[in-house]
Amino acid sequence: MKVNMTMNHQRCTGHESALGMSRRRFLNSVGMGLGGIALADMMNPMSAAEAAMKGVMKNFHLAPKAKRIIFLFQAGGPSQIDTFDYKPTLNKLHGTQLPDEVRKGQRLTGMSGNQASLPLVGSPFKFEQHGKSGTWLSDRLPHTAKVVDDIAVVRSMYTEAINHGPGVTYIQTGSQFPGRPSMGAWLNYGLGSENENLPGFIVMVTKNKGGQPLVSRLWGSGFLPSKHQGVRFRSGKDPILYLTNPDGVDKTTRKRMLDTLNELHAMKLEKESDPQIETRIAQYELAFRMQMSVPEATDLSKEPDHIYELYGNGAKNPGSFPANCLMARRLAERGVRFIQLYHQGWDQHGGLPGGLSNQCKETDQASAALITDLKQRGMLDETLVVWGGEFGRTNYCQGKLSKNFGRDHHPRCFSIWMAGGGIKGGVTYGETDPYGYNIASDGVHVHDLQATILHTLGIDHERLTYKYQGRRFRLTDVHGHAVKDILA
Amino acid sequence: MLNFVKRSANVCCALMVVAGGWSGSAWAEDKPVDFAREILPILSDKCFVCHGPDAKKDELRLDSLEAATVDLGGYQALNPKTPSESELIFRIFDKTDPMPPEKAEKKLTDEERALLKKWVMQGGKYSKHWAFVAPKKSEVPKVGDDSISEVDRYVLEKIKAKGAEFAPEAEKTTLARRAALVLTGLPPSLELLDSFMNDSSEKAYEKYVDKLLAQDSYGEHQARYWLDAVRYGDTHGLHLDNKRGIYPYRDWVVSAFNRNLPMDDFITYQLAGDLLPNPTLEQIVATGFVRMNPTTSEGGVIAAEFQAKNNFDRTESIGTVLLGMTLNCARCHTHKYDPILHEEYFGLFAFFNSTAESPLDGNKYEYGPTVKAPQHYDAWEQWYAMQKEEASLLHKAEEHVKQKGDEGLKKRWAEADKEARIAMLLNPREPFAITPLHQGVIKLQNDMKAAEKGYTTTLVAKELPKPRKTFLLKRGEYNLPSGEPIEPDVLGVMNPLPEGAPRNRLGFAKWVTSRENPVVSRVWVNRVWQRVFGEGLVRTPEDFGLQGQQPTHPELLDWLAVEFQESGWDLKHLLRVMVTSRTFKQSSAWRKDLKDPENKLFARGPAHRLAAETLRDIALVSSDMLDPTMGGEGVKPYQPSGMWAAMSHPASNTKKYVRDKGERLYRKSLYVYYKRTSPHPMMTIFDAPSRESSCVRRSRTSTPSQSLGLLNETQRVELARKCAERLIKEAKTDEARLDLLFRLVASRKANEVEAKVCMQLLAGMKQRYETSQEDAMGLLTTGEAKRDENLDAGEVAAWTQVVITVLASDAAILLY
């Protein structure tokens, strides 16, 4: 039995109309009951034909390269100067003042805005070129170094936000203000889900990290119908809220209850012909299937040792970044459209050398492993992987210059990388000035990044719109251009 | 995008050939085109993106007659003298260089072209967009049945036009449940239900409605919609998302609805209660509305930036909630569609730019200015009682002064303000000392002091002694102020600021509540209609502008808007008009004789899934577990562990969710703690908004998460087993128990099919749990409430499963 999870056509009201499912089809599904659902059904995403266009988009705007995204969000603002953007000039000028002609009146946050001096600080880490592409990386990223020929490093990202809340919201929703749908919600709305037994947009947050807060609006649906919002998978027995039956209720018991519900609803439908009743039946059935498909998808215990070794030992610790990366691969295999990871802790206002090293240790191996693993399974071509945070960090130190220096928020340039579906590997795109302060060439704005991501999925960012409050909104607001030079 | 360009005389001749043989007079004979309803939506939708109010100078504009008739160098967009010469007509039919251009997102249809042509040929008259013209009552249509209400006659007229009639009336029990849910957010209690069912008098239903309107749950339910609109939350909303002390405002809102405060006062107090002469505590607390925007104190943020951002939020929310206008666009530039200039946005902005709070919240609970206010609903009730008592004492004192004939006293009394009069009553040397008034005032003062000891802080609005200057911000950037300071001012397209109204929040309130204001009462009645009938008369309640939807029943909307104003902004009256209508009483079954899936004719009753709060409250009342305490600090029922901690800043004082115990677990859902960055999951799963931004219409989705929540969530299981105990104790047979269950959630007994399938389930479950005591106990220890050990565990467990199932079925979770 196939029940289309996204059969409802959206009206611009945000209320669902359930007119998509035929009555005959519904009655068939009720007639079959839930008994016909086999576990095998759950593993198999819909066939290609069935998967075609489950969202509002009738056709792809462009030829899609990627089918899905894994976004490894590094929250807090990783220092580009100490990871991807090699600036020997800063080492030479270490301790000297940031020249005014470089700063050009750029506003500073309230944290370093009152500093009497802004001493430049070179990266304490060693940079080398790697791979055939000769991509520069600091020695904090030894594992990423092994996959540089598969990734495109963008060193010329920029944003307008200088604080975390607005900054993260900007990347995830296209606006610094709360209220807009997140990128995953847009994709869910536009393309629908590839797997009828799992949510199309799943979020995982590294546990016990703390640091700058995350907010559910980052995976919220904004003004889109709330069914498009991301579902946060938690580590532990209930990856999805309320997934597990209460004590004393087993699968058979639950099935009996659902059969009763079906009969009650069928009777009501017969009487009132209201299609929303049909939708609800489908949702109960999907929930029942998810009670089996989610534990199956999130059960890492059967992964072989060499996979754990690839992702790093943390992968055995549920909720860690490596475990979430491994989980992301499993969800990608099952056709989840948008898998969003968050790893907090990149906000090194002080203690950067130690703090950043720890962050890299927690994320470097698993991020690289994800690329390797997807590649060896032949999935990298169709899976877009994005790694990056909400802004960069200053080339000068916050507070007094010391060994244990920190860097303040910096919106004018930062680095991210992308890999896989639709992206050229072994590319370094964009340049910053020798100070690592301003963009020298090929700037990529937040909206450009979003346009590029949508492009790889076959979406013209100007055409995926939703009318609300009298205006056609889109993820990229009224801006954005796909960065063609990094597209494969 | 291409611009209109001057065409040559040759092309002009070609046009005449193509268009062939029009003459102005022939067009004039046709039925006149209604500009506001037929033409403006087309222009707005297809043309204004380039040729609207924000078009550059010297560019062709179509948004007003003046702009469209500008001589653009030998030609005009609209040529009133020779309509056929109008550039508009030429270009929309031009094959080689058409308008809208080839690559435009939206093109004209043939019908639209024909309509535009007809309009131009009839003289191209402009009129205002309907929502910018103050509503008037039109003549109520004659539909052959004068016994039905005005509302019904407007609705029936359109149904009849489709050759149909009203749907049959819903069954009495259905109607009883529907009215109770719409007015109070709960099904009727069994006593109320029975009294209505047994009342065969002619006015039985009206009496029933009045009883519902008099329940405390009425105010609670109506408040919920308002709290969504004003984005009420118990936390600051950004960054640390720390606790914010503002729940006395929420309790005031409930109380205002229950006291049926006229809605114009309701609005005025909230916008500007502090600026009223001698404001009362209630009027000041109401200004919490102005303080409802999310705030931050994130390290490093720039105060000036958040002064602007906070006020953008405030201005735009007021646009949504009161004006039904999307002002957001005009923050950065002149509105593309609606006639709102960039400067005008900052005119509105200026009304709210002089409040005294710091732009950063300091992560403080008492984010000043604050006042001390009643700490829960009963304390408010007491406050009102004391106000009444005080007024009564002063009134009696006045009488006393009049009778006494003491000229000195008379004079002193006349010159004294309220406080001085109270002081006189308290003064043992004044002549009042020998009257009971003296003792009365002493007692009242003591009572007030005692009550105030329990009061708690709440955020309020206060004006700076010297107004903050407002400038137009280029592109909406706080650091790009431009030009001269902008005075507070209202939108030019609407009514002017009433004469003598000050240019501050109070003046703004007078403008908003003025009879001349074209949008506010319409927006208000539309939202009330939406909550009663499931959908608004305007289906974009947040946008009455040019891009919003046209009303399905424009004359009805206007009739209601004026009726509402004429009734003294009496919400209970408005609701009574709606729920006693024949329109409301219709059966909600889908009709085979009409093709109207979205119910735009309102030719069937409302049917939709109930709101998150109502779903939980139904379970609370059916299990008889509801704690009726009203108001106070937000409550924290069961919630899966770690939900707050997972995302909070380590320094946040809301990173740890400390679940309540005992009665507080069973409070009404209105009082569930609203942490804006992570509201309760059983609320958000069922489409409750995050309260970070204004929401005047919740989405209504159907998702698997909802199914899981309904069947597995701790509180639902707990309430189901308490309900099971109740059924077993209150009814003797299983059949009677099932009937009781259905009466509690569906206001009627189970029908034959329901009884059959539920009894089958019960039999199966009895078998299952009687053989597995351990499973039964597992189920019966879900949640904190103690189980009744006198009852058989197997039986209670079996009934628990039946209750969970019925509570998750459409009989319980839908309005129908």
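Q: Before I look at how the two chains meet, what does contact mean here?
A: Contact means that heavy atoms lie within 4.5 Å. In this predicted model, 85 residues of chain A are in contact with 98 residues of chain B.

Q: How is the size of an interface often given?
A: It is often given as the accessible area that is lost when the parts come together. Here the area buried between chain A and chain B is about 7,300 Å², and carbon and sulfur atoms give 56% of that area.

Q: Which charged and polar pairs are found across the interface of chain A and chain B?
A: Side chains of opposite charge can pair when their charged atoms come close. Across this interface the rule finds five salt bridges, and one case is the pair D45(B) and R472(A), whose side chains meet at 3.8 Å, N to O. Between chain A and chain B there are also 25 residue pairs in polar contact, with both residues at pLDDT 80 or more.

Q: Which element supplies the largest share of the side of chain A that touches chain B?
A: Among the elements that each supply at least two residues to that side are α7, α10, β18 and β19 of chain A, but the largest share, 14 residues, comes from α9(A). By class, the side of chain A that touches chain B has 33 nonpolar, 32 polar and 20 charged residues.

Q: Are D228(B) and R691(B) buried or exposed?
A: Both D228(B) and R691(B) are buried. In another salt bridge, D299(A) pairs with K302(A) at 3.6 Å between the closest N and O atoms; D299(A) counts as partly exposed because its relative accessibility is 28%, whereas K302(A), with a relative accessible area of 70%, is exposed.

Q: How do strands β4 and β5 of chain A run, and how many bridges join them?
A: Strands β4 and β5 of chain A run antiparallel and are joined by four bridges, with E128(A) standing opposite L137(A) in β5(A). The two strands form a hairpin with four residues between them, and G131(A) in the turn has a positive phi of about 65 degrees.

Methods: Residues numbered from 1 in each chain as written. Chains lettered and ligands numbered in written order. Heavy atoms only, no water. Buried area = accessible area lost by both parts, 1.4 Å probe. Salt bridge = Lys/Arg side-chain N within 4 Å of Asp/Glu carboxyl O. Polar contact = N/O pair within 3.5 Å; in protein donor to acceptor, adjacent residues only side chain to side chain. Nonpolar A, V, L, I, M, F, W, Y, C, P; charged D, E, K, R; others polar. Pairing = 2+ DSSP bridges. Buried < 20%, exposed > 50% of the residue type's maximum accessible area, 1.4 Å probe, protein only.
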